[in-house]
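Please consider the following comments alongside the sequence and the model.

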Amino acid sequence: MYPLFFSLVLRRLDPERAHHLAFTVIRLLPRIGVGALLRLATRPHPSLATSTLGLEFDSPFGVAAGFDKDAEGMRGLWQLGFGHVEVGTLTALAQPGNERPRLFRLIADRAVINRMGFNNGGSAAAAPRLRRERARSRRPIIGVNIGKSRAVEVESAIPDYLESTRLLAPTADYLAVNVSSPNTPGLRGLQEIERLAPLLSAVKAAAGDTPVLVKISPDLSDDEVRKIAELVTELRLDGIIATNTTLSRENLRTPADVVEAAGAGGLSGAPLAPRSLEVLRLIRSKVPAELCVISVGGVDTAHDVAERLAAGATLVQGYTAFLYRGPLWARHINRGLATARAELSSAIPNA
């Protein structure tokens with residue numbers, strides 16, 4: 001039913017408005033009593049359990065940052081079947097983000113262009129919600145993605161990130177340092193090793209026992225990816241998230257005039273898959289086997305997730321295909337993964 005609903009209703013709505021409508025329903029799931037029943041139907045098979053970051057994930061498949069920017073729908077997303085929820089990006093200063101329109105569908109490519117600009121209510125406002133959720137006995141694993149406030153100059157980025165770390169690390173199962181969004185001026189410059197090393201060192205020291213990962217861009221050169229992987233190993237960070245959205249507009253099926261009309265912003269979805277997979281393989285070739293590598297970018301089906309896991313991903317995240325697949329997307333992914341693992345096990349004697 002969802003493809004028909006998308007075709008007849010959702011695609012006719014402004015993308016950001018459609019997102020807010022869907023997100024409102026997700027937020028309400030736990031409150032109206034439907035979510036607990038839904039979780040019974042969507043919970044992952046025990047065979048999908050994954051241990052990493054000192055945590056037990058009931059599935060390797062989670063929802064990427066950007067969907068739940070203000071940590072308001074964590075429980076509802078978990079009840080839809082996601083193994084973890086990464087919230088944010090949250091900034092030390094509350095900010096409205098860029099002017100609308102700022103979210104555009106490329107339906108022919110199963111992709112999205114966004115220039116949201118880290119719109120969020122700020123780290124201090126999100127912290128109590130995160131604290132309440134983590135106090136529950138049955139809850140999702142929660143990653144918290146932090147970024148630089150737009151009003152803060154790049155030269156003052158470290159104190160800004162440290163303020164979010166101070167507020168949010170105690171409320172997070174892991175912390176993701178976002179230095180790779182294309183929608184905050186100067187942010188991607190923080191991926192330069194000379195700037196990245198002191199930033200990550202400071203956040204790691206301030207985060208205490210909370211695992212720290214860094215989220216990187218797909219637009220880095222292969223050599224830059226390798227250098228960041230080496231830095232993460234040197235600093236003994238807990239992991240890397242690869243990748244964020246891309247500035248590339250190559251090999252799109254959507255007419256060029258439609259793409260041009262959408263304007264600037266990061267592209268996510270299916271066209272990002274090849275580069276995201278390349279970056280994953282580059283990282284895995286440079287880091288220890290125990291390092292957590294979260295692969296995100298262009299993931300759509302259970303086969304896509306299985307491919308990332310086979311290429312060395314510890315966990316996999318998705319977002320854009322959620323808009324095209326609908327509310328049972330995580331359930332379909334988990335069921336497909338469980339079936340694939342069962343088939344593999346039966347094909348290998350004594351597996």
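1. I216 touches S180, Q191, V225, I228, I240, I241, A242, T243, N244, V279 and I283, leaving aside residues up to four places away in sequence; contact means heavy atoms within 4.5 Å. The model is predicted: local features need pLDDT of at least 70, side-chain atom pairs count only at pLDDT 80 or more, and totals for chains, interfaces and linings use all residues. Residues are numbered from 1 along each chain as its sequence is written, and side-chain values use heavy atoms, with hydrogens and water left out.

2. I216, with V144 and Y161, touches the most other members of the largest nonpolar core, which has 73 residues. Such a core is a set of buried Ala, Val, Leu, Ile, Met, Phe, Trp, Tyr and Cys residues joined through side-chain atoms within 4.5 Å, where buried means under 20% relative accessible area (1.4 Å probe, protein chains only). A second, separate core of 13 residues includes A64, I141, V296 and L315.

3. Helix α10 (residues 273-284) is mostly covered, with nine of its twelve residues buried. Helices (H or I, at least four residues) and strands (E, at least two) are DSSP runs, numbered from the N terminus. Among the elements covering the buried residues of α10 are β9 (212-216), α8 (222-235) and β12 (292-296).

4. Strand β5 (residues 103-106) is covered on both faces: L103 and R105 on one side, and F104 and L106 on the other, are buried. β5 pairs with β6 (residues 111-114) in the antiparallel sense over four bridges; pairing requires at least two DSSP bridges. R105 stands opposite V112 in β6.

Terms used: Buried means under 20% relative accessible area, exposed over 50%, partly exposed in between (1.4 Å probe, protein chains only).
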